[in-house]
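Please walk me through this protein model, starting with the whole chain and ending with single residues.

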Amino acid sequence: MKSIDPKDFKVTDKIKLSKLPTLLKVDADDDEKEEKLDKVQAKLSDLQDVMYAHNKYAVLICLQGMDTSGKDSLIREVFKEFNPRGVVVHSFKTPNSSELEHDYLWRHYIALPEKGKFAIFNRTHYENVLVTRVHPEYILSENLPDINSVDDITDEFWEERIKQINNFEKHIAQNGTIVMKFFLHLSKEEQRQRLLRRLEEEKHNWKFSPGDLKERGYWDQYMEYYEEAINKTSTKHAPWYIVPADDKEMSRYIVAKIIWEEMKKHTDIKEPKLDEKTKLNIELYKKELGEK
């Protein structure tokens, strides 16, 4: 199987989602993909331990994608070797009444990772320029000044939100948070097959919601707004990666490999060294501990 190069998936120029593949054809079976993922998992786990001790960086992994694109299973498989103390997953659903009493970024700010830790946003702050753009009536729940009806939500409103998101990401990046954003690029046909499996396999029935079919009806709008958001917010400090998602095993490996390759660039992440005084007295401390 060919080596995964983050540059092949990173958005550095304007992209057209319809021109990008949803399936990466590789000469490897599922067992080989899982084996490669296992090796990267182990490396990331070791790195996370070192990063925890180093305590200067945090890492924010953002996952976006249409329903059934594999976000939940990707989180389970890619991060399962992490020490639980060093990784937190946040799944952002419809804002609750408390969250709506604050600005739309507030709940994302308070979920940011501490230094030394990873946070995974399963659906992210981008829902505020995706779902709300497909369904602008949701904005009315935010009780914003000068927004009294859907007619008040202009193109300028969305442009301003994009700027706010860029500023949010720039701010946290400048203060030590490494940001990587992944769009799991699923085909409409593959989504149809996955939704059907949820209905046909009883053990997966619970995953199905009639709302999935309703949102599927807005597919073209979602693709338009995803494309616009990605093109306007893929920056050096917070890049987007477009990951083909029709093959779940492959998409997991791609995401894990990209995270590993990008983290390796931060060569200053190292275990802290003992101060000289402590080092000079190691034998003394050992002797004290050896006494009964």
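This is a predicted model: local features need pLDDT of at least 70, side-chain atom pairs count only at pLDDT 80 or more; totals for chains, interfaces and linings use all residues.

Residues are numbered from 1 along each chain as its sequence is written, and side-chain values use heavy atoms, with hydrogens and water left out.

The protein has 11 helices and five strands; these are DSSP runs numbered from the N terminus, with helices (H or I) of at least four residues and strands (E) of at least two. Its C-alpha atoms fill a box of roughly 75 × 50 × 40 Å along the principal axes. Of the 292 residues, 48% are buried, where buried means under 20% relative accessible area, exposed over 50%, and partly exposed in between (1.4 Å probe, protein chains only). Among contacts (heavy atoms within 4.5 Å) with a separation of 6 or more, 81% join residues 24 or more positions apart.

Helix α1 spans residues 30–54 and contains Asp38. Is Asp38 buried or partly exposed? Asp38 is partly exposed, because its relative accessible area is 42%.

Asn166 belongs to helix α5, residues 155–174. Asn166 counts as buried because its relative accessibility is 18%. Leaving aside residues up to four places away in sequence, Asn166 touches Lys232, Thr233, Thr235 and His237. Lys264 lies 98 residues from Asn166 along the chain, and their C-alpha atoms are separated by 24 Å.
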